[in-house]
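Here is a briefing on one protein chain. It starts with the core, then covers the fold, the strands, the surface and the charged pairs.

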Amino acid sequence: MVLYQGTGEKTIVVRIHKGGDRSVVKNYRLVSLTLVVCKQMEHVIAGYIRQVWEDRDWLYEGQHSFKPGYSCESQIITVCEDISHSLDEAARLVAIIIDFFKAFDLVPHDRVLKKTAASGVDSRVVVWIWEFLIDRSHRVRVGRHYSEEVRVRSGVPQGAFWAHFCS
């Protein structure tokens, strides 16, 4: 059974103004426009993988990505509660905070595949992920103008499904 046949998806990247001076590049967020069918398939695959990982107790208690009801916000709340508790107890507190800038853009595809295969996920799903990530390209659209296509050699789409592979 073939779950997905790679098409070498060509993604269009558009910029969304976040606020502030429109002439400043950092005031824009880049968003990839992907096929709706790909987004739906990601959700199906994510549900399957989540179930496999829950059945194998592969997600640790403090995991806030890839779990229903958890998010970046719930992670921040947990950290703030931990800090507050330590202050209330007059306990010594050491914190290391790392900003994984561009983390989703830098994830090596082979890491995604190795981690998925090692987690007990069906090999057909690993093949689907490989097909999904391989031979992708992006080009940026500004107004009616498009940049040249650039092949994507690393990175994963942003979202709950892919967040786990960045850690």
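In this predicted model, the largest nonpolar core has 18 residues, and Ile-49 and Ile-129 touch the most other members. A nonpolar core is a set of buried Ala, Val, Leu, Ile, Met, Phe, Trp, Tyr and Cys residues joined through side-chain atoms within 4.5 Å. Helix H1 (36–55), H4 and H5 each supply at least two residues of this core. In soluble globular proteins, nonpolar side chains tend to be buried together.

**Conventions**

- Residues are numbered from 1 along each chain as its sequence is written, and side-chain values use heavy atoms, leaving out hydrogens and water.
- Because the model is predicted, local features need pLDDT of at least 70 and side-chain atom pairs count only at pLDDT 80 or more, while totals for chains, interfaces and linings use all residues.

**Overall fold**

- The chain holds six helices and five strands. These are DSSP runs numbered from the N terminus: helices are H or I with at least four residues, strands are E with at least two.
- From the N terminus on, the order is β-β-α-α-α-α-α-β-β-β-α.
- The chain has 167 residues, and 29% of them count as buried. Buried means under 20% relative accessible area, exposed means over 50%, and partly exposed lies in between (1.4 Å probe, protein chains only).
- Take the contacts in the chain with a separation of 6 or more: 58% of them join residues 24 or more positions apart. A contact means heavy atoms within 4.5 Å.
- The accessible surface of the chain is about 11700 Å², with 56% belonging to carbon and sulfur atoms. Areas come from the Shrake-Rupley method with a 1.4 Å probe; for residues, only the protein chains shown count as cover.

**Strand pairing**

- Strand E1 (residues 10–17) runs antiparallel to strand E2 (residues 28–33), joined by six bridges. Two strands pair if DSSP finds at least two bridges between them.
- Within E2, Leu-30 stands opposite Arg-15.
- E1 also runs parallel to strand E3 (residues 137–142), with five bridges. Ile-12 has Arg-139 as its bridge partner in E3.

**A buried loop residue**

- Ser-119 sits in the loop between helix H4 (109–118) and helix H5 (123–133).
- Its relative accessible area is 3%, so Ser-119 is buried.
- Leaving aside residues up to four places away in sequence, Ser-119 touches Val-52, Trp-53, Arg-56 and Trp-58.

**Nonpolar surface patch**

- Val-79, Ile-83, Leu-87 and Leu-93 form a nonpolar patch on the surface, with about 340 Å² of accessible area together. Patch residues have over 30% relative accessible area and no salt bridge; nonpolar side chains (Val, Leu, Ile, Met, Phe, Trp, Tyr) are joined within 5 Å, like charges within 9 Å.
- Val-79 lies in helix H2 (residues 72–88). At 38% relative accessible area, Val-79 is partly exposed.

**Salt bridges**

- The structure holds two salt bridges. Each is a side-chain nitrogen of Lys or Arg within 4 Å of a carboxyl oxygen of Asp or Glu.
- Asp-110 and Lys-114 meet through their side chains (3.9 Å, N to O). They are four residues apart in helix H4, so about one helical turn separates Asp-110 and Lys-114.
- Asp-110 is partly exposed at 42% relative accessible area, whereas Lys-114 is exposed at 58%.
- Arg-124 and Asp-122 form a salt bridge between their side chains (3.0 Å, N to O).
- Arg-124 is partly exposed at 41%, and Asp-122 is partly exposed at 25%.
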